[in-house]
Each structure stands twice: as C-alpha cells, then as structure tokens.
Amino acid sequence: MFKKILIANRGEIALRVMWACKELGIKTVAVYSEADRNSLHVRFADQAVCIGPPRSIESYLNIPAIISAAEVTGADAIHPGYGFLSESSYLAEICDACKIKFIGPGPQAIRLMGDKSRAKKAMIKAGVPVIPGSPGVVEDEEKATRIAKETGYPVIMKASAGGGGRGMRIVREESELANNFKAAQTEAQAAFGVPDVYIEKYVEGPRHIEIQIMADAKGNVVHLGERECSIQRRHQKLIEESPSPVMTERLRRRMGRTAVEAAQAVEYVNAGTIEFLLDASGNYYFMEMNTRIQVEHGVTELVTGRDLVKEQILIAAGEPMSFSQKDVVFNGHAIECRVNAEDPKTFVPSPGTIHHFNLPGGPGVRIDTAAHDGCEISPYYDSMVAKLMVHGRDRREAIARMRRCLDVMIVEGIKTTIPLHRRIMDDADFQAGRLSTKFMERYQEPKKKPPAQA
Ligand code: MV4
C-alpha cells in the first residue's frame, strides 16, 4: 500500500481525499498556492508544499511544480481530485515515467475519453447506444450539410476537444448550417487548439443521467447506480440526486450494464462516470465519459454506503475491489445542493470573506466543505463553498431534510445560492420529479414565474 499520497488539489475535495488517506493510515502531502496558505487542506496535511502564485496556471496546473513536490516529500502516489489536472493525460504519463502512481485511469483512457469524437467511435464499436449523427469528425462544409440533412434537423455541433457543454452549437435549419459549421470550427480551434467538430441529432429537453462505475486492475467492473444531474445552468450542475426520479430497476440494470460494457471496452481502471442523455421516450445514449472522481460522488456514497475515494486508492495500489456487483445495494434517496458564492438571481460570482458560517447537522446530513469562519472565498478559483448533501428513506424525506438544512445554514459576508436552492426545493416540478436540462430556464429571469416561497 502507498505510504504517502500527494493531493494535487485544494478546497473540499483536497480534504475529502485526505480523510480517505487518514482512514487508510496513509500520510498526506498538501500542495497550495500563495492564496491558499491558510487553507484547511494545508493545516490538516502531514506536509505541505507551496507550488506557486494564486493563478491556477502557475500553481494547481503546474505539473513540474507538483511532480517536484512529490519527489522532495517522497510521495508514492498523486490523487488529482476533480478539475485542475484530474483529466490530464500528461500528468498521468509523467507520473508513470517518475514511478509515482497516478490515482486514476491510465493516460490512454484519459486521452481517448478526452477526444469526444474518438470516444464516441469507441463506444459504437463496443455496441453502446450513441446519438445518431456523423460517424466521426466532419471535415468540411459540404460533408456537414450532407450529414445534417441525413440526420435531420435540429442538429448539434460539438467540439471534439470540448466536453461538458463547451463548444456546442445548435442548428435548426439548413440555411444556418454552413455559417455555424465554420464558426464552430473556428471556436474549437481558439478554445482547444483543435478545430475538430462532429454532428449529432439535437435532442430537445433531455435528462442528464450518469452512471458511476469502478474498475480494478484485475478486470472487475461494477456500477454504482445513477445520478440525475438535469438541474444545471450553463453546464454547471446545481443539484444532483440518486436515484433519478424516473429510474426503474429495469432501466438501471440496462444502463448499468451498458456503462460496465463501455468501461470494459476501453480497459478502464479506477473510478469513472458514463454520462447519458435520456430522452422523453426513455431511450438513453452515451454522451461522454468522465475519467475522474466527480464533485457529486457523495450522493452515490450515501445511497450505496461505499467510500469511493478509498476504493480509488486501493485500486491504484493494485488491490482488487472490496465488493462485487451483487454486493451493491441501493438504500434510500440522496440529494446534493452545490452552495456557490454567487448572487442567487444573476449568478454573478461573489468572492469575499465569510464572517459567520453555521452548518446544519442532524440525521442524514453530510456537508463537504473547506470553508470556515473568517475564510476567504478567492476570485482565483471556482465559487463552490460547500456541498450540502442529505440522505432520506425516500425522496420526500430527502427533500424535507434539505429544506430544513437550507433554513439554518448561515453564510454571512458573501452572497450564496442558498436562497435559490430553497426555492427549487419548493418548486412543484422539482417535487414531482419533472426534471430536464431545461429546468433552470424558468429561473433565469426572476420575474417570469414567481416561486412558491422565498
Ligand atoms: C446534447 C444535447 C442534446 N442533443 N447532445 C451538454 C453537456 C454535454 N455533455 C452534452 N450536452 C448536451 N448534448 C445532443 N445530441 C443537450 C445537451 C445539453 C445538456 C446536457 C446535459 C445537461 C444539461 C444540458 C444543457 C444543455 C444542453
């Protein structure tokens, strides 16, 4: 087993990884930027190394600085958390070369899934359902026009190097196609350094449902059920839950099996997530695979009772998974609200110092945060302040629990999305489980439809 793990991240996920290390008796190394000198992940780690100035590009994305920190502290593994370098095939490659274990999949799997068009081809080959469209990258306007016509409008153009909603364009009729195709290529080149674009049938108002998988180095692959993540704004998730309100045992078995087959097809190892789009008729399609532990992994931990981060570490150390598919049982309902430092109406970031921080507790409550009284929410990093998670016997109990938590959670000194979450918990559509990726559109302009309660 590893003796010392370097955690190449900050904030709540750095702490979350640290808790797993501590429970496994593994020493921890924190890395931090000059802006994070007084952060909790620095305080609670066994050792801490400053890796550069506040800007991420000079610190948390600085591979040489992170590798050096691992070398000088004698860390035998690196956990990248989510964001930052978590899906960097370069870091995974350099770790291999330096005999430091990267806690995640191998560089090939990361690279393959990072290329969305190549990933889609691999999934077609594996027999995984994908959204109809171009078989791969579309080279020119002429081909784009032909494929869009064959596919049928509306279509969506996606940057192959994009993902997570970045670099997408919807085209509703042929007259708009050529211009949009050129613009999509230009945008993709500017944003990702690669102009490759592919085309799909555009599915209106789908649900975003993802399946958590775990695979060990011995070839065992299991799924841990789904998370419904349809409540998003500008491709930022706001609320996640498990199970999905529309899930049936049969659909979970089918989607779960598909996710496992997807992972097996690419010889995937460690934790991963297959994102599916579920249409109104109940058809599901592969969208992307995320090759990291995700922000919302906690809702899966609550309903399965498994520690995904511990499992990641054991798998990376070459241990077999501690459980098999038949051991995975789902218990109750979990919901997560991401509490961000943002104006709850305009979503404008609200960095600053938290003067008074009060967290709810009691039965069925889990809060993952690195915030505390007097801490500063820095403008340099993303605005998530806390993940408020609840677990109940059923969805009704989970919602009631979330409401009472939101009522007593105090974060003074900055604006947060707590009031928005409180409104969503009271929303009739939310309560009825009528979710889609269009859900948040009603919350964009505050005056469109008044919420039930502030
Ligand atoms: C789509 C789609 C409709 N049709 N693809 C957004 C994130 C990225 N993973 C893919 N996304 C979408 N792809 C087709 N063919 C709609 C979305 C989408 C979306 C998906 C999940 C959650 C929120 C979303 C919001 C807008 C669009």
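These are my notes from looking around this predicted model.

**Ground rules.** Residues count from 1 along each chain as its sequence is written, and side-chain values use heavy atoms, with hydrogens and water left out. Because the model is predicted, local features need pLDDT of at least 70 and side-chain atom pairs count only at pLDDT 80 or more, while totals for chains, interfaces and linings use all residues.

**Cysteines.** I searched the whole structure for disulfides (pairs of cysteine sulfur atoms within 2.5 Å) and got 0. I then checked accessibility, where buried means under 20% relative accessible area, exposed over 50%, and partly exposed in between (1.4 Å probe, protein chains only). Cys 21 is buried at 0%, whereas Cys 50 is partly exposed at 32%.

**Helix H8.** Helices here are DSSP runs of H or I with at least four residues, strands are runs of E with at least two, and both are numbered from the N terminus. H8 covers residues 177–192, 16 residues in total. From first C-alpha to last it reaches 22 Å, close to the 22 Å expected at 1.5 Å a residue (the expected span is 1.5 Å times one less than the number of residues).

Which residues of H8 are buried? I found Leu 177, Asn 180, Phe 181, Ala 184, Ala 188 and Phe 192. An α-helix has 3.6 residues a turn, so residues three or four places apart point the same way. On the other side of H8, Asn 179, Lys 182, Thr 186 and Ala 190 are exposed.

What does the buried face pack against? I noted helix H7 (141–151) and strands S6 (155–163), S7 (166–171) and S8 (197–201), with contact meaning heavy atoms within 4.5 Å. Just after H8, Gly 193 takes a positive phi of about 80°.

**Ligand.** I counted 18 residues around the ligand, each with a heavy atom within 4 Å of it. The closest are Lys 158, Glu 200, Lys 201, Val 203 and Glu 288. A ligand nitrogen is 2.9 Å from an N or O atom in the side chain of Lys 158. A nitrogen of the ligand is also 2.9 Å from a polar backbone atom of Val 203.

Methods: Polar contact = N/O pair within 3.5 Å; in protein donor to acceptor, adjacent residues only side chain to side chain.
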